[in-house]
Amino acid sequence: MARGNGAAMTMKRKSPFSIFIPCSILSDVPSLIEKTFKVGQIARAASIFRVDSIVLYRDHKRTAIEDGRLIKEILEYAETPQYLRKRLFPLTPSLKYAGLIPPLRTPHHPLASSKIGFRDGYVLKSSRSSSVVEIGLPSPVECPAPLTQGSRVTLRLEGGSWVPSSREEVPYYWGYSVDLAFRPLTDALKRTPPEGIYGGIIGTSRKGEHISDASPRLLDLLSKQQRLALLFGSPGEGLDEILSREGASLKDVADMTVNFAPDQGTATIRTEEAVIISLAALDALGAANPK
């Protein structure tokens, strides 16, 4: 892959990934520092494997919305370029340990010295014809367009000027969005993402099809270059148990269910570990069979 002066200049996925995470993933860790570390692992995994969106669903009636809000806040903090965090995230008790999350170093987290034609910024001032935007350079830049003051924006360098752009125009991997659906998984899947419907839905389960047997169908889904949804269970329950409470089954909601760690040496696999294992397997499968 090409590299700039800092973050790896990795391109977007041709098949965007959305991962569905239960809001109860923090139920097995008591302290804020442990919760922060667990969510930080998911943020890192999502960034390493270029996940486009993270959807947080409610897997049990006992799950408190506060847990979902904490997960969302930490994930969004980690995804935000470091030079924008003080602008966008006021210091709150829930982010006390967020600084312990290792930097993501994705293309949209450039250094001041990075030579890159796109940058995320924070609008400091705006008038009828121009705006002043903080984009992580030694000094703010002037953008020849009115922008919403106090908002996060994406700019591109064009003819020596920084002009408004959209995330869709950026060719590089540009982070993930976080959707706190806080509704049952079946309902969360019915919500069509802004980018379009899912071309395939993959469940993860130790009861699923062996990864080696599932590879041909997985490759077929990857080759269609459509948005894929990857579903994960909770620390205490698999997707089968979660969906059964909703009166559904994996066969009802997923195109296929895969066991991505068929020879696991532990009795259980944590959700954050399952995310890493599953995304790594899909990444390797796609890289070994490029279209």
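**Confidence and domains**

Trainee: What is the mean pLDDT of the protein chain?
Mentor: This is a predicted model. Its mean pLDDT is 92, and 95% of the residues reach 70 or more.

Trainee: Where does pLDDT stay under 50?
Mentor: Over residues 1-6. The model has 14 contacts beyond four places in sequence for that stretch.

Trainee: OK, new topic. Which domains does the assignment give?
Mentor: Domain 1 covers 17-105 + 173-288, and domain 2 covers 118-169.

Trainee: How many residues does each domain bring to the contact?
Mentor: Domain 1 gives 10 residues and domain 2 gives 12. The domain centres, taken over C-alpha atoms, are 31 Å apart.

Trainee: And how much area do domain 1 and domain 2 bury between them?
Mentor: About 1,000 Å², with 59% of it on carbon and sulfur atoms.

Trainee: Which residues in domain 1 lose the most area to domain 2?
Mentor: Tyr83, Arg87 and Trp174. Together they make up 62% of what the domain 1 side buries.

Trainee: Now charges. How many salt bridges are counted between domain 1 and domain 2?
Mentor: One.

Trainee: What about Glu79, which residue does it form a salt bridge with?
Mentor: Arg152. The closest N and O atoms of Glu79 and Arg152 are 3.0 Å apart.

Trainee: How many residue pairs are in polar contact across the interface?
Mentor: Six, both residues of each pair at pLDDT 80 or more. On the domain 1 side that touches domain 2, six residues are nonpolar, two polar and two charged.

Notes: Residues are numbered from 1 along each chain as its sequence is written. This is a predicted model: local features need pLDDT of at least 70, side-chain atom pairs count only at pLDDT 80 or more; totals for chains, interfaces and linings use all residues. Side-chain values use heavy atoms; hydrogens and water are left out. Domain bounds come from an automatic or database domain assignment. Contact means heavy atoms within 4.5 Å. Buried area is the accessible area (1.4 Å probe) that two parts lose on being put together, summed over both. A salt bridge is a side-chain nitrogen of Lys or Arg within 4 Å of a carboxyl oxygen of Asp or Glu. A polar contact is a pair of N or O atoms within 3.5 Å; within protein, one must be able to donate a hydrogen and the other to accept it, and residues adjacent in sequence count only if both atoms are side-chain atoms. Ala, Val, Leu, Ile, Met, Phe, Trp, Tyr, Cys and Pro count as nonpolar, Asp, Glu, Lys and Arg as charged, and the others, Gly among them, as polar. pLDDT is the predictor's confidence in each residue, from 0 to 100.
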